[in-house]
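Please read them with the sequence and the coordinates open beside you.

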Amino acid sequence: MSLNVDTYVYEANGEWTLLEDPDDYGKTMAGFERSRSKLWGSEAVRALGARFFPRLDGGNLRVEPGEIDDFLAECEAIRPHIDHLGGVSGYGAEYVTRCFNNIVAASVRARAEGGGVIVW
């Protein structure tokens, strides 16, 4: 199984709805299921001061609309360390970069739409 990242918005009735996926195949991929602990919830990510990504270790990561700016700031703090994270996780920098960029792109879409993101 793999992790996906999706953008959602709240409807008037309080329910949330996923937005359409991007046209490009694979843009929703956020990693393999084991990436929850091996990458995003790893000690290496925690050591960078991340507070959102480690939620994936044992659960889904849901970033509410009011948290998107903080989440994007966390992403920018992590970005310079992608090569290191690729090495310590064993996935490689190219793979981690691709998944990370998908998460960031979904978050940028969420900010533009007034929504949030879920990695699940």
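1. On the basis of the values: this is a predicted model, in which local features need pLDDT of at least 70 and side-chain atom pairs count only at pLDDT 80 or more, while totals for chains, interfaces and linings use all residues. Residues are numbered from 1 along each chain as its sequence is written, and side-chain values use heavy atoms, with hydrogens and water left out.

2. On the fold: the protein chain comes to 5 helices and 5 strands, where helices (H or I, at least four residues) and strands (E, at least two) are DSSP runs numbered from the N terminus. Read along the sequence, the pattern is β-β-β-α-α-β-α-α-α-β. The radius of gyration, taken over C-alpha atoms, is 14 Å, close to the 14 Å that the globule rule gives for 120 residues, so the chain is as compact as a globular protein of that length; the rule itself is 2.2 Å times the number of residues to the power 0.38. Along the principal axes, the C-alpha atoms fill a box of roughly 45 × 30 × 25 Å.

3. Of the 120 residues, 42% count as buried, where buried means under 20% relative accessible area, exposed over 50%, and partly exposed in between, with a 1.4 Å probe and protein chains only.

4. Not counting residues up to four places away in sequence, Phe71 touches Phe52, Phe53, Leu61, Val63, Ile103, Ser107 and Val117.

5. On charge pairs: the structure holds 8 salt bridges, each a side-chain nitrogen of Lys or Arg within 4 Å of a carboxyl oxygen of Asp or Glu. One of them joins Arg36 and Glu33 at 2.6 Å, N to O; Arg36 is buried, with a relative accessible area of 12%, and Glu33 is partly exposed at 31%.

6. On links across the chain: Asp70 and Arg51 meet in a salt bridge of 3.4 Å, N to O. Asp70 lies in helix α3 (residues 68-78) and Arg51 in the loop between α2 (43-47) and β4 (61-63), so this pair ties together parts that are 19 residues apart in sequence. A further salt bridge, of 3.3 Å, N to O, joins Arg111 and Asp69, and that pair links distant parts of the chain, with Arg111 in helix α5 (residues 93-113) and Asp69 in helix α3, 42 residues apart.

7. Where does Asp6 lie, and what joins its side chain to that of Trp120? Asp6 is in strand β1 (residues 2-10), and a polar contact of 2.9 Å joins the two side chains; such a contact is a pair of N or O atoms within 3.5 Å, where within protein one must be able to donate a hydrogen and the other to accept it, and residues adjacent in sequence count only if both atoms are side-chain atoms. Asp6 is buried yet has no salt bridge, the nearest side chain of opposite charge, Arg109, being 6.4 Å away; here Lys and Arg count as positive and Asp and Glu as negative, with His and the chain ends not counted.

Technical notes
Contact means heavy atoms within 4.5 Å.
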